[in-house]
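Take a look at it first, and then we'll go through some of its details.

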Amino acid sequence: MPSMTHEKEGALPAAQLSWTRVVHRIYRVVTLFVGIILRIGWAAFWHRNRPDSPEKDAFFEQLYTRQAIKFRQTAEQLGGLVIKVGQFLSSRVDLLPKPFIDQLQALQDNVKSAPWSQVRPILEQELGPLHESFLIFDEKPLAAASLGQVYRAALHDGTEVAVKVQRPYIESTVQADLKALSIVVNLATRFTRFGQAFDLFTVLREFRRVVTEELNYQQELANTELIRQDVRHLGYVIVPKTYPEYSTSRVLTMAFQDGIKINQLEELKQHHINPTVVAEEAIHLYLHMVMESGIFHADPHPGNILVTKDAKLILLDYGMIGIIDQASRKQIRRLFVAVSKRNATELQASMEALGMVRPDADRAQLRRQIQYLLDRYYAETLDELKSLDLVALLRDFENLLRTQPIQVPGQFAFLGRAIAILVGLATGLDPDINLVELFAPYAKRFVTEDRGGTLGYAKHVVMDMTKTLVDLPELSHRILKQVENGELEAKVEWKQGTSQLHSLYRGIRGLIQSIYVVGFSLIATLLLVHHHDVLSGGFYLLAFFAFLYGTLFHGRHLP
């Protein structure tokens, strides 16, 4: 690392962009978005009466691709928030068509670095003369992003550190971009069906909140310490140490960490690191953060996750973290378990509780489509879920988002992006990784935890059994009424009618007996495992009596 230079301090750059540059930037951002919206809107209007056809699909796919490429190229030129908007939109499959998503996913937050002559005055304004804080400071940045850039340095005791500093003019640039985005959202909401169908103001509000926090490095320092406390029991995760005494709202100093980018597969193999182990560690980390603690790193792109030579994960850049409140976390777990148990009704209920289903949705049709997806990836039990193709299921779920009135609420936008990035990283490390096999133990545990523990789960099983038995007479009465009113026809030859009725009667009795025996036995076993011996014995006794009763009266015919 080269020694720190001591040339004469340059003039401090203006903290704000001039008003002419602000106006010009707002104009460029607004015209970029409005131009794309107008071109796509005009094409949709022109083709509105044309029937669907492969030619029409190909035309729109080419149009979306051209507009997405234009956006990506302009974003790379403008920098600032436009890059982050593109990255954010790249995960919003509920908002944008697939060709647009494919192009935006190639957008990288890797811009030309600001010159040292403009960065050094900011550092010294925040920390004082550099030679008083650092023994060595490398003028060449390790990385340059849209909001800040990172340098390598050493403290006077020899400790190597990474110093993150905001780019010149970034605060006024961000404010100009937010103003431009506000104009675009207002125009889209007022004049387009797309803007009226989606809650764009909530999305913009969440985006504004996250970006404002990301610009405050004191907040990032606090986020780092919050995550450190949350994952302290996970031995395979490293969170860099922070140095508050060398940090401000515009400068953040933390321990320098060296590692391999998580997506550099060949380099991992060269160091004899098993990519599957790395992928599984990343999945377990996010299952803990999203499902258990509710505090998650919201930007897990490859540059922010490094791997040490002993296969530990280094998490970098805590400017974007997400907080999931307890009620939402419980609904996410409920959704997670519903997928595992192939329960379309529960899945739809959890989606509605999370605000994912828009008011104009056809709920009956939505439930049928959800059930179709779950049946397509059917697993009889949680133990058999390892055969489920989760990546294909997520892909089909994306299509469901596009074709049904479903939206990802603004507060979950960055969670969706983080999950999409993580699944991509995991399957890139190991195309054959079985994600559901990793999920299954969590699903099993959530089934009991979210129902009040073992006793609560047992109570729920009993209530479900009771409800089933209570509903049987009403269901039977409704079916008979339909037959009586001619709404339901059954063709049965009379000479076979008696024997078939007896078979149906015996089948129903056997079903009821099985429900009682299996249910009571399950509850008894759960209680025994958790050392509730007396209650367990009682339920085993009930199971025995249910079995005995069914056996003694099994041969009784209809009166």
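Which residues does Thr192 touch, not counting residues up to four places away in sequence? The answer is Ile37 and Leu187. Keep in mind as you read that this is a predicted model.

So where does Thr192 sit? You'll find Thr192 in the loop between α7 (170-191) and α8 (193-197). Thr192 counts as buried because its relative accessibility is 19%, and the cut-off for buried is under 20%. Its side chain also reaches the backbone oxygen of Ala188, at 2.5 Å.

Next, have a look at helix α1, which covers residues 19-46. Its 28 residues should span 40 Å at 1.5 Å a residue, and the end C-alpha atoms are 40 Å apart, so the two values agree. Quite a few α1 residues are buried, including Val22, Ile26, Val29, Leu32, Phe33 and Ile40. As for their partners, the buried residues of α1 pack against α2 (54-78), α3 (81-89), α4 (98-104) and α7.

Now for the charged pairs. Side chains of opposite charge can pair when their charged atoms come close. This structure holds 14 salt bridges, and here are some of them:

| Salt bridge | N to O distance |
|---|---|
| Glu214 and Lys84 | 3.4 Å |
| Lys98 and Asp102 | 3.1 Å |
| Glu220 and Lys164 | 3.1 Å |

Let's take them one by one. In the salt bridge of Glu214 and Lys84, Glu214 lies in helix α9 (residues 200-215) and Lys84 in helix α3, so the pair ties together parts that are 130 residues apart in sequence. Both Glu214 and Lys84 are buried.

The Lys98 and Asp102 pair stays within helix α4, where the two residues are 4 residues apart, about one turn of the helix. How exposed are they? Lys98 counts as partly exposed at 44% relative accessibility, and Asp102 is partly exposed too, with a relative accessible area of 39%.

Then there's the salt bridge between the side chains of Glu220 and Lys164. This pair links distant parts of the chain, with Glu220 in helix α10 (residues 217-230) and Lys164 in strand β4 (residues 160-166), 56 residues apart. Glu220 counts as buried at 1% relative accessibility, and Lys164 is buried with a relative accessible area of 11%. Through salt bridges that share partners, Lys164, Glu220 and Asp317 are joined into one network.

Key:
Residues numbered from 1 in each chain as written. Predicted model: local features only at pLDDT ≥ 70, side-chain atom pairs only at ≥ 80, totals over all residues. Heavy atoms only, no water. Buried < 20%, exposed > 50% of the residue type's maximum accessible area, 1.4 Å probe, protein only. Polar contact = N/O pair within 3.5 Å; in protein donor to acceptor, adjacent residues only side chain to side chain. Contact = heavy atoms within 4.5 Å. Expected span 1.5 Å × (residues − 1). Salt bridge = Lys/Arg side-chain N within 4 Å of Asp/Glu carboxyl O.
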